[in-house]
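Please keep the sequence and the model in view while reading.

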Amino acid sequence: MSDAALPTVAEVRAAAEAVKAALDRHLAAVESRIGDDDPDVYAAFNELAAAAEEYDELLYDRYDEVTPFEIPTPEDGLPYTGPAEPAAFSVLIRRDYAVVEPARLIAQAERVVAHDREAELAHDGGTADALGVLFGEYEPDEIASRAKDFGLEEGDSTLWIAASEEVAEPGEWLGAPFAHIDPQDVMHRFDVSSVFDDEEGDEGDDEEAGDGEPAERGLTTA
């Protein structure tokens, strides 16, 4: 980093003062907390972590020094603060794919169009159109199980089960289906990623290697 880009002494000192203030707020929140999952404590924890990280970065950039402490991030994310006995729940799923064989993808869509009068490849008939046809014809689970047949390669995926006080009215959230989900209402989540294969491999050399499929990890936050 050039001298012109170095943080000033005043900026480093201000970051240090921010850490001190965040420590005071965190201690005050802990002393007055209500229950094990007090949201005020969690908010103060996040503020302290952010302030410490900022100070550490500025300290390193200015003086090439680091702090002797590290504030970990909880593995299971935000604490659950939703209802203890939810009357309803939502299932949110994200699955990532890479289009590795566009020609195969388009060919599969063309087969569907050839046998289904209601399906059509609009616009230029490219991968975007093909995806619309295929997801209109097949359930997402079938596409996931036959990803290679469709010229796709699976990436990470996650499934969240979020609690609700009551079932939403028909059409209530269709305009923005994911806009009103509070992470602290997530009771359970299940993540699938090849990164977990690496973590499992680090735990010991005696375990047999996996079969190449992404590993799954379930997190219970309730």
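## A loop residue and the basis of the model

Asp64 has its place in the loop between α2 (39-63) and β1, where helices (H or I, at least four residues) and strands (E, at least two) are DSSP runs numbered from the N terminus. Although Asp64 is not a glycine, its phi is positive, at about 60°. Asp64 is exposed, with a relative accessible area of 53%; here buried means under 20% relative accessible area, exposed over 50%, and partly exposed in between, with a 1.4 Å probe and protein chains only.

The model is a predicted one, in which local features need pLDDT of at least 70 and side-chain atom pairs count only at pLDDT 80 or more, whereas totals for chains, interfaces and linings use all residues. Residues are numbered from 1 along each chain as its sequence is written, and side-chain values use heavy atoms, with hydrogens and water left out.

## Overall fold

The secondary structure of the chain comprises six helices and four strands, arranged along the sequence in the pattern α-α-β-α-α-α-β-β-α-β. Of the 222 residues, 26% count as buried. The chain exposes about 15400 Å², of which carbon and sulfur atoms supply 50%; accessible areas come from the Shrake-Rupley method with a 1.4 Å probe, and for residues only the protein chains shown count as cover.

Among the contacts in the chain with a separation of 6 or more, 71% are between residues 24 or more positions apart, a contact being heavy atoms within 4.5 Å.

Ala14 lies in helix α1 (residues 9-31) and, at 46% relative accessibility, counts as partly exposed. Its C-alpha atom is 8.6 Å from that of Tyr55, although Ala14 and Tyr55 are 41 residues apart in sequence.

Leu48, in helix α2, counts as buried at 9% relative accessibility.

## Nonpolar cores

The largest nonpolar core holds 12 residues, among them Leu105, Ile106, Ala109, Val112, Leu134 and Phe150; such a core is a set of buried Ala, Val, Leu, Ile, Met, Phe, Trp, Tyr and Cys residues joined through side-chain atoms within 4.5 Å. A second, separate core of 10 residues includes Val12, Val19, Leu58 and Leu59.

Gln108 is also found in helix α3 and is buried, with a relative accessible area of 11%. Leaving aside residues up to four places away in sequence, Gln108 touches Leu134, Arg146, Asp149 and Phe150, and of these Leu134 and Phe150 belong to the largest nonpolar core.

The largest pocket has a volume of about 570 Å³. On a 1 Å grid over the protein atoms alone, a pocket is an open set of points where a 1.4 Å probe fits, with protein on both sides within 12 Å along at least five of seven lines, and lining residues have an atom within 4 Å of a point; grid points are joined across faces, edges and corners, and a volume is the space filled by probe spheres set on the points. The lining consists of 24 residues, of which Ser90, Ser164, Ala168, Trp173 and Ile181 lie nearest the centre of the pocket. The elements giving two or more residues to the lining are β1 and β2 (152-164), and the largest share, five residues, comes from β1.

Ser90 is found in strand β1 (residues 88-99) and is partly exposed, with a relative accessible area of 27%. Not counting residues up to four places away in sequence, Ser90 touches Trp160, Ile161, Ala162 and Ser164. The C-alpha atoms of Ser90 and Asp185, which are 95 residues apart along the chain, are separated by 9.9 Å.

## Ser193 in strand β3

Ser193 is found in strand β3 (residues 186-193) and counts as buried at 6% relative accessibility. Apart from residues up to four places away in sequence, Ser193 touches Asp156, Pro214 and Ala215.

The side chains of Ser193 and Asp156 are joined by a polar contact of 2.8 Å, that is, a pair of N or O atoms within 3.5 Å, of which, within protein, one must be able to donate a hydrogen and the other to accept it, residues adjacent in sequence counting only if both atoms are side-chain atoms. The side chain of Ser193 also reaches the backbone nitrogen of Val195, at 3.1 Å.
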